[in-house]
Amino acid sequence: MVGFKATDVPPTATVKFLGAGTAACIADLITFPLDTAKVRLQIQGERQGAVRAAASLQYRGVLGTILTMVRTEGPRSLYNGLVAGLQRQMSFASVRIGLYDSVKQFYTKGSERTSPNIARNAIVNCTELVTYDLIKDALLKANLMTDDLPCHFTSAFGAGFCTTIIASPVDVVKTRYMNSALGQYSSAGHCALTMLQKEGPRAFYKGFMPSFLRLGSWNVVMFVTYEQLKRALMAACTSREAPF
């Protein structure tokens, strides 16, 4: 068994909330430069013609973008907006991740066939949580892995890859739209249509590699940390409550 051993007592809501928020913040701290590089790659050259944009690319690749930013703006530029990101994770991730298990157990109690609904939610909502859960359950049911760190790592990595494929088009349009000049696009739909007409379908996957590196590494750090924190906190609570 790698990592903390699973306890017989299920984690409490407090443990889930605390563990999820802390794990998400740790993941953000580690992967934030990748997110910054992804945004820079997604928006560069959008206000120029295709030929001019290709000729005047400031950033090339994930590592090149990071090195250019460090050289021209300093290392701190990689963490611009970090405080807001941590606040979001502590409030948002603690709820969405901390509540997931409880909500899932409530709706699947007494039933072994909820897979279609879970699969549908994975496609519609595009969440790391459902994909992670599906991959983890599949690995455990097939006896390919036990419920420990390697299983959590594999499930989180797979969740990051699936989420990147589904979420990239929305993410690119969102980034373009939010960073566009006032009046450039009348709506997010107009932004997407303009991208399709001027740059083709591949534009929706611009910055895919940094997006995957960001989501993949974020998922791995967050889920592995979350699973270990849950077990560590429950082990501490159990040992404290155990009679001498």
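Analyst: Contact here means heavy atoms within 4.5 Å. Helices (H or I, at least four residues) and strands (E, at least two) are DSSP runs, numbered from the N terminus. This is a predicted model: local features need pLDDT of at least 70, side-chain atom pairs count only at pLDDT 80 or more, and totals for chains, interfaces and linings use all residues. Residues are numbered from 1 along each chain as its sequence is written, and side-chain values use heavy atoms, with hydrogens and water left out.

User: Which residues in α8 meet α9?

Analyst: Val172, Val173, Arg176 and Tyr177 in α8 do, and their counterparts in α9 are Ala188, Cys191, Ala192, Met195 and Glu199.

User: Now the residue. Is Asp171 buried or exposed?

Analyst: Asp171 has 17% relative accessibility, so it counts as buried (under 20% relative accessible area; exposed is over 50%, partly exposed in between, with a 1.4 Å probe and protein chains only). Asp171 belongs to helix α8, residues 149-178.

User: What is Asp171 in contact with, leaving aside neighbours within four places in sequence?

Analyst: Lys38, Gln42 and Ser211.

User: And how many helices and strands in the protein?

Analyst: Ten helices and zero strands. Of its 244 residues, 41% count as buried.
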